[in-house]
Amino acid sequence: MTKIMFHEDACKGCELCIEFCPKNLITLASRFNDKGFHPATVENTDKCVGCAICARMCPDVAIEIEEIPFERGAAVNA
Ligand code: SF4
Ligand code: SF4
């Protein structure tokens with residue numbers, strides 16, 4: 001399983017990630033980031049297949065894909 005994270009203040013709204021996401025999941029938010037750009041975001045994260053194409057395309061390293069280890073049964077040390 002993967003988790004996608006956007007570092008919104010690093011985004012310059014170039015839309016490269018939007019162009020290359022094979023699932024068309026990425027949009028620009030209507031809010032502004034600290035740099036004055038509309039940052040890229042994903043609303044429907046459960047549809048993300050974790051291909052990391054968006055992260056590789058981003059010239060500003062604003063997207064991180066994290067692998068979440070599969071947990072079996074109840075959490076340990078919960
Ligand atoms: S990891 Fe792949 S599917 Fe998920 S948002 Fe990025 S490009 Fe789209
Ligand atoms: S490729 Fe990077 S800088 Fe460009 S819109 Fe996507 S997250 Fe922002």
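Okay, let's start with ligand 1: 14 residues surround it, and the closest are Cys21, Cys48, Cys51, Ile53 and Cys54. "Near" here means that a residue's C-beta atom, placed from the backbone, lies within 6 Å of the molecule. By class, that shell holds twelve nonpolar residues, one polar and one charged. For the classes, Ala, Val, Leu, Ile, Met, Phe, Trp, Tyr, Cys and Pro count as nonpolar, Asp, Glu, Lys and Arg as charged, and the others, Gly among them, as polar.

A word on what you're looking at. This is a predicted model, where local features need pLDDT of at least 70 and side-chain atom pairs count only at pLDDT 80 or more, while totals for chains, interfaces and linings use all residues. Residues are numbered from 1 along each chain as its sequence is written, and chains are lettered from A and ligands numbered from 1 in the order in which they are written.

Now ligand 2. Of the 13 residues around ligand 2, Cys11, Cys14, Cys17, Ala40 and Cys58 come nearest. That shell splits into nine nonpolar, one polar and three charged residues.

Zooming out, the chain has two helices and four strands, running β-α-β-β-α-β from the N terminus. Those are DSSP runs numbered from the N terminus: helices are H or I with at least four residues, strands are E with at least two. The C-alpha trace spans about 45 × 25 × 20 Å along its principal axes.

Cys21 sits in the loop between helix H1 (16-20) and strand E2 (26-28). So is Cys21 buried or partly exposed? Partly exposed, because 19 other C-beta atoms lie within 10 Å. The cut-offs: buried takes 20 or more other C-beta atoms within 10 Å, exposed is 12 or fewer, and partly exposed is in between, with C-beta atoms placed from the backbone. Leaving out residues up to four places away in sequence, Cys21 touches Ile26, Ile53 and Cys54; contact means C-beta atoms, placed from the backbone, within 7 Å.

And the core? The largest nonpolar core has nine residues: Phe6, Cys11, Cys17, Ile26, Ala40, Cys54, Cys58, Ala62 and Ile63. Such a core is a set of buried Ala, Val, Leu, Ile, Met, Phe, Trp, Tyr and Cys residues joined through C-beta atoms within 7 Å. Cys17, with neighbours up to four places away set aside, touches Ile26, Ala40, Cys54, Met57, Cys58 and Ile63. Across the chain, buried residues make up 13% of the 78.

Terms used: Contact = placed C-beta atoms within 7 Å.
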